[in-house]
Amino acid sequence: MPSRLDNINEQRRQKLERLRARGIDPYPHRFRQTHTTREAIAALEAAEAPGAATQARSRGFGQEKEEISLAGRITAIRRMGKSSFADLRDGAGKIQLLFQNTDQFEEEKRELFKDLDIGDIIGAGGALLRTRTGEPTLAVHDFSLLAKSLQPLPEKWHGLADTEKRYRQRYLDLIANSEVREVFLARSQIISAVRQFMDRRGFIEVETPVLQPSAGGALAAPFITHHNALDRDFYLRIALELHHKRLIVGGFDKIYEIGTVFRNEGISTTHNPEYTLLESYEAYADYTDVMVMLEEMVAWVSRQVLGATAIKYGEHDIELKPPWRRVTLRDAVREHSGIDFVKYPTASGLRERMRSLKVDTDPDKNWARLVDELYKTFARPRLIQPTFLIDYPVSMSPLAKNKPGEERVAERFQAVVGGLEIANAYSELNDPLEQRERFAEQMKERHGSDEEQWTIDEDYLLALEYGMPPTGGLGVGIDRLVMLLTDQPSIREVILFPQLREKQ
């Protein structure tokens, strides 16, 4: 037995055929619109302003209202005898349409109006007015069908709540939920503001390869693909770092890139297999310079997009204004877990101490990953106000320089706001011989132990041998920054098309 949806679809297809039988193209090539809905409402308000009519007459205009044309999707129809109303939405907003005395339309338009459905895209021409209830309205003198919708919008199109459907059919989500559209408009503005900030500081934007012969720049499981013409495997980049530092060697002193990186890892509220990363590198700088730049950037972007540095994330009120708190990773973990990991220099000793706190410890994890587990379990969720976690163990930071006089501590920081890691940065290691030793150690520790891969990029090591100046490097998770500034609890809310499990 056909479902209600089947019946609706069939009715719409029948309307489509009737339109074609009457010689109406339900999918014409173009339509010339003069205004967006937002511009139309602004024009109406300008015409209503005190003195507007006098100014118009002084410029030689009469009392006739200007004809304009709009285009968009019908999201509501209220048929009321000879006159009817509809809501029209475009990319800028919504406006009401008035089809006044439809009997006066020519027969073709009357029949077309009868066959209009919620979801259809139309173009409409007419004059602006305000109804007795004060609603900005276009009194329609003529209209055309621009795209016939064969699928009905969700019954409560103004509040599509099925989360799985929202992500799988983002186009419905954007139609149904205006607040979702606002999030992605904000995302675009945030990325634009980041670019403006970097450009104003003298950085140049670069582009580096997505397909790379070596998996490097981060500890992560890569995606692997095969190039037929070259008959070789490539990795989808897991970071932008190694190519950027080649450019520093080549004489570009300030560079940045906003690009997609790929990590073949789990999916969570803060992880997606592909995500957007800002990386920047500045010659003759170190991680303290980068800290200052990052806190200034986040505060500046917030002011540009939100108009303030005070934001709300979940239940927390957060102030992004610099300076941000600085605390060592050791002190943060010790404060929130009671464990001083420096006093447990072996994996077995640290694992045993962690078990006393009933922390589930994977026996395959090495010392560095156990420290990371401590940090993520106890410290990170409690870091709500902007915090720089500084000075990481060298074994957790194979690309960072040692802190002067401290063999086991690297000049590295992570920025945490609202319990979210939004950035990672180093004073970059530029000693090619030490870098080779660290790469080899990483390969040795991870051989056969987990999916994280690190391949030795010989060309990168060769580039270092030509000499790379002291450099401060930064990586910012754009998606998490957008989560923070738009108060979203999941990364899927700020990625237009997130990866999902196959639908059963």
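This is a predicted model: local features need pLDDT of at least 70, side-chain atom pairs count only at pLDDT 80 or more; totals for chains, interfaces and linings use all residues.
Residues are numbered from 1 along each chain as its sequence is written, and side-chain values use heavy atoms, with hydrogens and water left out. The protein chain has 15 helices and 19 strands, taken as DSSP runs numbered from the N terminus (helices H or I, at least four residues; strands E, at least two). Its radius of gyration is 29 Å, well over the 23 Å that the globule rule gives for 504 residues, so the chain is more spread out than a compact globule. That radius is taken over C-alpha atoms, and the globule rule is 2.2 Å times the number of residues to the power 0.38.

**Overall build**
- Along the principal axes, the C-alpha atoms fill a box of roughly 90 × 65 × 50 Å.
- Of the 504 residues, 49% are buried (buried is under 20% relative accessible area, exposed over 50%, partly exposed in between; 1.4 Å probe, protein chains only).
- Among contacts (heavy atoms within 4.5 Å) with a separation of 6 or more, 66% link residues 24 or more positions apart.

**Nonpolar cores**
- A nonpolar core here is a set of buried Ala, Val, Leu, Ile, Met, Phe, Trp, Tyr and Cys residues joined through side-chain atoms within 4.5 Å.
- The largest one has 47 residues, and Val194, Leu294, Met297, Val301, Phe413 and Leu474 touch the most other members.
- Helix α9 (residues 287-306) gives this core its largest share, ten residues.
- Setting aside neighbours within four places in sequence, Leu294 contacts Phe388, Phe413, Ala415, Ala423, Leu474 and Val476.
- Another core, of 23 residues, lies apart from it and includes Ala40, Leu88, Leu116 and Ile122.

**Helix α4**
- Lys109, Leu112 and Phe113 are the buried residues in α4 (residues 107-114).
- They sit on the same side of α4, because they cover an arc of only 100° around the axis (directions from the helix axis to the C-beta atoms).
- Glu107 and Lys114, on the other side, are exposed.
- The buried residues of α4 pack against α1 (4-21), β1 (67-80), β2 (83-89), β3 (94-99) and β5 (136-147).

**A three-stranded sheet**
- This open sheet runs β7-β9-β8 with antiparallel pairing (strands pair if DSSP finds at least two bridges between them).
- β7 (211-212) and β8 (224-227) stand at the edges with a single partner strand each, so one side of each has no neighbour in the sheet.
- Two antiparallel bridges join β7 to β9 (residues 232-236), and Gln212 stands opposite Tyr235 in β9.
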